[in-house]
Amino acid sequence: MKKKQSNKTINTDLRKKAEKILKPDLILIEKLTDEEVRKLAHELQIHHIELDMQNEELRKAKLENEETRDEYTHLYDFAPVGYFTISDKYIIQKANLTGAAMLGMERSLLIGEPLSRFVLKEDRDILYLERNRIIKSRDCGTYELRMVRKDGTQFYARFECTAKDTEGDSIKCMTVMTNITEQKKAYKNVENLANIIEESLNEIYIFDANTYKFVMVNKGARQNLGYTTEELINFTPLDIKPELT
């Protein structure tokens, strides 16, 4: 009901404005013949139809724009990575839902917070150095930080940032944050396994299946054979002990 009244008010206002613009001597109605009146009425009907068609096209375009906007919003908010717009003062200005969830906060409460609040104290120097370098050079940059969620839990994150000039002298950084905690755990497991192999008293050899050259020989094997790692890397098992093959 209110919408109908609002539309009626708008139409009335537009009519009043149109009447003010219309000049009295623009069309002398009393001097028109019947044929000219019918022709004028026909032209007005055609014009009315054209306006209706234009309104329909505008309505369709608006719907398409809304659909495109909704699709973009969905892709932005529910991407597997966090998207942030961060000011040159390290203030979070925009964030998608994934990014807010990664930091353990509602998006509405996250906006306006300094990014450093969620960075482990020991890693904040890395943040400041990298951000200053990116802003100064207007370049892209990638760095890793240990992050702290609102509840105190920690995770590793990789940041990919691009500096972007805005109106005035301010600069924004378009930032992508990826949780790399599982990658870090996997690398650590591989590193631990490599250390175990290296320190083993048993002789352990790893060689390329195509060239048969050694790619890794542990400490126990080096001590037994009397070669350095650099020397063994150029050898095959046949160069050392034929029985190994």
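Reply: Strands β1 and β2 make a hairpin with four residues between them, and Tyr90 in the turn has a positive phi of about 70°. The model is predicted, so local features need pLDDT of at least 70 and side-chain atom pairs count only at pLDDT 80 or more, while totals for chains, interfaces and linings use all residues. Residues are numbered from 1 along each chain as its sequence is written, and side-chain values use heavy atoms, with hydrogens and water left out.

Helices (H or I, at least four residues) and strands (E, at least two) are DSSP runs numbered from the N terminus. Two strands pair if DSSP finds at least two bridges between them. β1 pairs with β2 in the antiparallel sense over three bridges, and Thr85 stands opposite Lys94 in β2. β1 also pairs with β5, again antiparallel, over six bridges; there the bridge partner of Gly82 is Met177.

Five of the six residues of β1 are buried (under 20% relative accessible area; exposed is over 50% and partly exposed in between, with a 1.4 Å probe and protein chains only). The strand is therefore largely enclosed by the rest of the structure. Phe84 is found in β1 and is buried, with a relative accessible area of 3%. The C-alpha atoms of Phe84 and Lys94 are separated by 5.4 Å, although these residues are 10 apart along the chain. Leaving aside residues up to four places away in sequence, Phe84 touches (heavy atoms within 4.5 Å) residues that include Ile92, Leu103, Leu110, Cys173 and Met177.

Phe84 also belongs to the largest nonpolar core, which has 26 residues; those with the most contacts inside it are Phe84, Leu103, Leu110, Met147, Phe159 and Met177. Such a core is a set of buried Ala, Val, Leu, Ile, Met, Phe, Trp, Tyr and Cys residues joined through side-chain atoms within 4.5 Å. The elements giving two or more residues to this core are β1, β2, α3 (97–103), α5, β3, β4 and β5. Its largest share, five residues, comes from β4.

The structure holds five aromatic pairs; rings of Phe, Tyr and Trp (its six-membered ring) pair if their centres lie within 6.5 Å, with planes under 30 degrees apart counted as stacked, over 60 as edge-to-face and the rest as tilted. One of the pairs is Tyr90 with Tyr128, edge-to-face at 5.1 Å centre to centre and 70° between the planes. Tyr90 lies in the loop between β1 and β2 and Tyr128 in helix α5, so the pair ties together parts that are 38 residues apart in sequence. Tyr90 is buried, at 14% relative accessible area, whereas Tyr128, at 30%, counts as partly exposed.

In α5, Leu127, Arg131, Ile134 and Ile135 are buried. They cover an arc of only 95° around the axis, which puts them on the same side of α5; the arc is that of the directions from the helix axis to the C-beta atoms. Asp125, Leu129 and Lys136, on the other side of α5, are exposed. The buried residues of α5 pack against β1 (82–87), β3 (140–148), β4 (154–165) and β5 (171–179). Just after α5, Arg138 takes a positive phi of about 55°.
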